[in-house]
Amino acid sequence: MGHRLRDFQVVAFSVLKTAEPPHMSLVERELTGVSRRGKFLLLEAEGRFAVTHLALAGWLKLGEAHLSDRPPARSGPLAVRLDFHDGARLDLTEQGKRKGMALWITDAPDSLKRIQRLGPEVDVVTVEEFAEKLGATSSRLKTVLTDQTVMAGIGNAWSDEILHRAKLSPFAAANKLTGEQVTALHTAVQEVLTEVRDALTNVPLDRIKATKKSLFGVHDRAGQACPECGGTVAEVSYVDRSMQYCPICQTGGKKLSDRRMDRLLK
């Protein structure tokens, strides 16, 4: 804290979802808090908030500002740039053609519809509440774990790791789990998120991505050996993402249907 904002550039205006208060109203305010709600990052500046959702390809980059810098290119990955009086610079970037990053300026984050729709933070959900939520839907476990309206805080990568830890199929119906399986999944959620939080605490922004990848056991490791059984990690692909799992540990040795890959192989 203690950083006072000198400039707030919105390079990709499609990212900005609010007009009032204007984003420039944060200039000359001091950064007084950083928090999270689900997958939303909240930067507080003396009672006013910049709320951002990084989507699939968003990233934060911390560096140094230079007064001689040229204006940022409109066609590059840079979406938002915050410069502070002490020389610090925070860039929000988004690679790829599909843009999903969003930014809101507000005095009341809880009033934003996207935040109002969020379920409870998953790391504070009791095993009884967890069982109730799973029992209320026949959706696949992968879908339930990543549905932010059910429980907030688990994304694509960590849901793969959680399901692998619990030795459960991503395609298993949530309401068909036994009591023992529900407990194992709840335990896996708490263990994985705690381990990730501990591993990423105090890691510099430019090292977070590499540190995160080093924690993966199955996610993004299709074709590699499972760290638990030595079997080959398999994958199911979708249009804009994929999931990885171990057939031996999670699905009784069976590979899950991958319709996209099946069509390519025909």
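A residue counts as exposed when its relative accessible area is over 50%, and as buried when that value is under 20%. Keep those two words in mind as you tour this predicted model.

**Stop 1: helix α5**

Select residues 179-200, which form helix α5.

Now colour Val 182, Leu 185, His 186, Ala 188, Val 189, Val 192, Leu 193 and Val 196, the buried residues of α5. They cover an arc of only 155 degrees around the axis, so they sit on the same side of α5.

Turn the view to the face pointing away from that buried side. Which exposed residues does this face of α5 carry? Look for Gly 179, Glu 180 and Asp 198.

Next, bring in the partners. Select α2 (127-135), α3 (141-146) and α4 (156-166): the buried residues of α5 pack against these helices.

**Stop 2: the largest cavity**

Start with the largest cavity, which holds about 80 Å³ of space. To see its lining, select Leu 5, Phe 8, Leu 26, Arg 29, Leu 31, Leu 43, Glu 44, Ala 45, Ala 50, Leu 82 and Phe 84. By class, this lining has 9 nonpolar and 2 charged residues, with no polar ones.

β1 (5-10), β3 (40-45) and β6 (78-84) each bring at least two residues to the lining of the largest cavity. Which of the elements gives the most? That is β3, with 3 residues.

**Stop 3: the second largest cavity**

Clear the selection and pick Phe 8, Leu 41, Leu 43, Ala 50, Thr 52, Leu 60, Val 80, Leu 82, Leu 92 and Leu 103, which line the second largest cavity. The elements supplying two or more residues to this lining are β3, β4 (48-53) and β6.

The space inside the second largest cavity is about 60 Å³. How many charged residues does its lining have? There are none: the lining has 9 nonpolar residues and 1 polar residue.

Conventions: Residues numbered from 1 in each chain as written. Predicted model: local features only at pLDDT ≥ 70, side-chain atom pairs only at ≥ 80, totals over all residues. Heavy atoms only, no water. 1 Å grid on protein atoms, 1.4 Å probe; cavity = no way out; pocket = protein on both sides within 12 Å on 5 of 7 lines; lining within 4 Å. Points joined across faces, edges and corners; volume = space filled by probe spheres on them. Helix = DSSP H or I, 4+ residues; strand = E, 2+ residues; numbered from the N terminus. Nonpolar A, V, L, I, M, F, W, Y, C, P; charged D, E, K, R; others polar. Expected span 1.5 Å × (residues − 1). Buried < 20%, exposed > 50% of the residue type's maximum accessible area, 1.4 Å probe, protein only. Arc of directions from axis to C-beta. Contact = heavy atoms within 4.5 Å.
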